[in-house]
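Here are some notes to go with your first look through this one.

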Amino acid sequence: MKLATFRRGGVHPDDRKELSKDKKIESLPFPEELVVSMSEHLGAPATPTKKKGDAVTRGEVIGTANGYISAPVHSPADGVVTDIRKVRVQSGAVSDAVVIKCNPEQSNPWTEKHDWRKESPEALLSIVKDMGIVGMGGAAFPTSVKLTVPMGKEVDTLIVNGVECEPYLTADYRLMLEKTSEVLEGAMIAAAIVRPKRIVIGIEANKPDAATLMENTIREKNYQVEVVLLKTKYPQGDEKQLIKAVMNAEVPSGKLPLDVGAVVCNLGSCYAIYEAVVYRKPLIERVITVSGESINNPKNILAPIGTKFSSLIDFCGGEKDDAVSTVAGGPMMGFAIYDEDTPMVKGSGGLLVLPKLIDDFSAPCVLCGKCVQHCPMGLQPNKMFRNIKYGNYQAAMDLGLMDCKECGCCAYTCPSHLPLVQGFKLGKKMGRKKK
Amino acid sequence: MKTVRTSPHIHGALRTDKAMLFVILALLPSALWGVWAFGLRALVVLLVSIASALLAEYLLGLVSKEFTLRDWSATVTGLLVGMNMPPEVPLYIPVIASVFAIAVVKWTFGGLGCNWMNPALAGRVFVFFSFTSEMSSFSLPRVFAIDALSSATPLSAMKTAVTAGAAGRSTELLSGTIPVTDFALSISDKLGISPYAVDAFFGNVGGCIGEVSALLLLIGGIFLIATKIITWRIPVVYLASFAVLSWIFGGIPYGQGAFHGEILLPLFSGGLMLGAFFMATDWVTTPTTPKGEIIFAVGCGFFTFLIRYFGSLPEGVSLAIIMMNIITPTIDRFVRVKPFGYVKKPKKEKEVKA
């Protein structure tokens, strides 16, 4: 069988998923203290509604959405607000955070099932919005905005993104295996909102068991859903590359997937949508893969939002002596963090403790063109980097800098180990400032 | 304390210095064949070239306060210079070539990555035009067991014959001038190809130290493609375009008419294999885009053909590649990759002046 994929660029890193792929999802016991950032998502931060000393219950709103592209934040635990302070989240941004001291006893108010099939699409969408669902693949774009189809537009395909192309991460894979029917029902709810002509679940070929299980469940439940096996190639799970692979359509530069009739929804988000709509449970916890060569027991953990990374590392038996860096997210696009008390946010799908994987080699650019051959966006990283190096940000933007999504393929292949992605992050910031 | 760096946090295996080592490894079989075929004198030439390249790099590094020997690029340059020398060349010539390559072509423009011409080729061309007679006197390889200095290469012998007014195929033109091995004769009897092509393929001809064995260069080149250090585009397109042009027009100067040119002998002889796999694929001086690489390779094939058949020189590879090296920045400026989701910008309407 020919596997669907995108045509241009991409790299094949060692996927290292064997470290955690057979580990069942475990629930983290409630830590003593949670730090819930108000900037969990892309867009405007939420406004905190609680003061120091207020009691909160699990699932209660503690931050209200602030504008259209924003999402509310709910309390992940029963407890008391002990502080509201500034905190640095994994992406490096600083935002307000509500510090909650958890009670030893925790309630679970979400046992009653609701029948969503009677609800109107608008009602379903407003539940998704109120429950604070965001894209759980990393960028954390509010899902309600994504599922809002503007007047006059039609959705051709709803793509459920179960690709998980980042090495090490297995959170979505475990969800597919353990919560198969829930994930599928979440996808059906999303489909009820956007009403696509076709529903597709994209799964990379290195997870054949998940794909088979999905297909069997679809047949059992008699859903109109296709499973598309995709070639194992990074960044297959990127929205634009996935649309190219499944629909053979290229999202025009500067446009949204909706412009080619596609809505892409992360698999973790589908599970969150299921819980939100069926149980009215807000997004207060998520599955996170804690892995890497330098952690003692790699695990897939269901942890409340706001858990400090240090508690996750302790839960996994601590780190080994050769640990050199801690990375929030995947190894290709994740953020290295220096403070292990950084809290988990809704977009945190992985936490890696890595030994020294990259040597300190450096050389000048030798114009080998590897970055050009591997760039999935068809850009010329070597030229953009050169322009940024000499402060010529406008020239870099003219070469398509804003289309770069920092996937890291260029830096991964660069034989001279140039800090290309770092350059592009800087270039984007400076370029925006000048405008 | 943890290390903090920007993503990605893993890296592919390819590394500039390791790639250079792989290039050296790929060149070694052919270089060793040269040493075997032409004797220890050839080894001395290779070592002198490498040593002078390294020394030049080291001394210039003292001036610019960099230590760059570790990236192995100077060793590659030195080795390539040595492989481009006739085995009996006076030893000051490889020294001049290496120093010119490192100091003038590479260091002056800013070191590794900034040169706009392949240093080894530039060094070779510089000494070729400075010491033409020393650079074009070759000795026969060991198989013929004759001590004949200043034997011609098949290409130069054919050029001489054609300039003198002779016409015909290589078998007619070269008999008597260039010796052939019995092995080549037996194969040519069976396959009906020129015995000179067989000898050139296996490296039993006179020529520069590193360019005689097309077979070993081919193996080295395939090794480089397999390890993903170079892509197939430049060597394959270069050889193919040259072969096609030779077939179509190559017969004309030899009185054979169009579509009767020989293919195998021109492909296997001279510096073509060495050039196509190791010189034209140099990272620094070739285009970075796939389309650009193809344009570059076709250009190389065209100029090599032009110089070999219609120029006054027997050899065209080095000049052809250098010429395309010079055009490379222009190719890179105008040949771009079409970005993903490219939207054609609407042309601005010209404002009509009132």
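This is a predicted model: local features need pLDDT of at least 70, side-chain atom pairs count only at pLDDT 80 or more; totals for chains, interfaces and linings use all residues.

1. The centres of domain 2 of chain A and domain 3 of chain A, taken over C-alpha atoms, are separated by 30 Å. Their contact takes 5 residues from domain 2 of chain A and 5 residues from domain 3 of chain A. On the domain 2 side, the residues touching domain 3 of chain A are 2 nonpolar, 2 polar and 1 charged. To find these parts, look at 111-279 for domain 2 and 370-434 for domain 3, while domain 1 is made of 27-110 + 282-354.

2. Next, the meeting of the two chains. Here 53 residues of chain A are in contact with 32 residues of chain B. The chain B side of that contact has 14 nonpolar, 12 polar and 6 charged residues.

3. G408(A) deserves a stop. You'll find G408(A) in the loop between α11 (393-398) and α12 (409-413) of chain A. Is G408(A) buried or exposed? It counts as buried, because 27 other C-beta atoms lie within 10 Å of G408(A). Leaving out residues up to four places away in sequence, G408(A) touches M332(A), M333(A) and V421(A), along with S7(B) and P8(B) from chain B. Q422(A) is 14 residues from G408(A) along the chain, and their C-alpha atoms are 9.6 Å apart.

4. The peptide bond between S7(B) and P8(B) is cis, with omega near -5°. P8(B) sits in the segment before α1 (16-38) of chain B. There is a cis bond in chain A too: Y234(A) is joined to P235(A) with omega about -5°. P235(A) belongs to the loop between β11 (225-230) and α6 (239-247) of chain A.

5. While you're checking the backbone, look at two residues other than glycine with positive phi. Y168(A) has phi near 75° and lies in the loop between β9 (157-162) and α3 (171-178) of chain A. H417(A) has phi near 55° and lies in the loop between α12 and α13 (420-434) of chain A. How does their burial compare? Y168(A) is buried because it has 32 other C-beta atoms within 10 Å, whereas H417(A), with 18 C-beta neighbours inside 10 Å, counts as partly exposed.

6. With helix α2 (residues 40-64) of chain B, the axis of α3(B) comes within 8 Å and crosses at roughly 145°. That crossing is right-handed. Among the residues that meet are V45(B), L46(B) and I50(B) in α2(B), and A74(B), T77(B) and V81(B) in α3(B). By class, this contact has 8 nonpolar, 6 polar and 1 charged residues.

7. α3(B) also packs with helix α5 (residues 119-130) of chain B: their axes come within 8 Å and cross at roughly 35°. Here too the crossing is right-handed. T77(B), L80(B) and V81(B) of α3(B) make the contact with P119(B), A120(B), G123(B) and R124(B) of α5(B). These residues divide into 4 nonpolar, 2 polar and 1 charged.

8. Which helices of chain B are covered, and which are hardly covered? In α14(B), 8 of the 8 residues are buried, so this helix is largely enclosed by the rest of the structure. By contrast, helix α9 (residues 182-191) of chain B is hardly covered, with 1 buried residue among its 10 residues. After α9(B) comes G192(B), which has a positive phi near 75°.

9. Helix α15 (residues 290-310) of chain B has 21 residues and spans 30 Å from first C-alpha to last, close to the 30 Å expected. Its buried residues include F296(B), F303(B), F305(B) and Y309(B). The cover over the buried residues of α15(B) includes α12 (233-249), α13 (264-268), α14 (272-279) and α16 (317-334) of chain B.

10. Last, I229(B), in the loop between α11 (214-226) and α12 of chain B. I229(B) counts as buried because it has 20 C-beta neighbours inside 10 Å. Apart from neighbours within four places in sequence, its contacts are A19(B), F22(B), V23(B) and L224(B). D17(B) is 212 residues from I229(B) in sequence, yet 11 Å away in space, C-alpha to C-alpha.

Methods
Residues are numbered from 1 along each chain as its sequence is written. Chains are lettered from A and ligands numbered from 1 in the order in which they are written. Axes are lines fitted to C-alpha atoms, for helices over the stretch in contact, and angles run from 0 to 180 degrees between N-to-C directions. Helices (H or I, at least four residues) and strands (E, at least two) are DSSP runs, numbered from the N terminus. A crossing is left-handed if the near helix is turned anticlockwise from the far one by less than a right angle, and right-handed if clockwise. Two residues are in contact if their C-beta atoms, placed from the backbone, lie within 7 Å. Ala, Val, Leu, Ile, Met, Phe, Trp, Tyr, Cys and Pro count as nonpolar, Asp, Glu, Lys and Arg as charged, and the others, Gly among them, as polar. Domain bounds come from an automatic or database domain assignment. The expected span of a helix is 1.5 Å times one less than its number of residues. A residue is buried if 20 or more other C-beta atoms lie within 10 Å of its own, exposed if 12 or fewer, and partly exposed in between; C-beta atoms are placed from the backbone.
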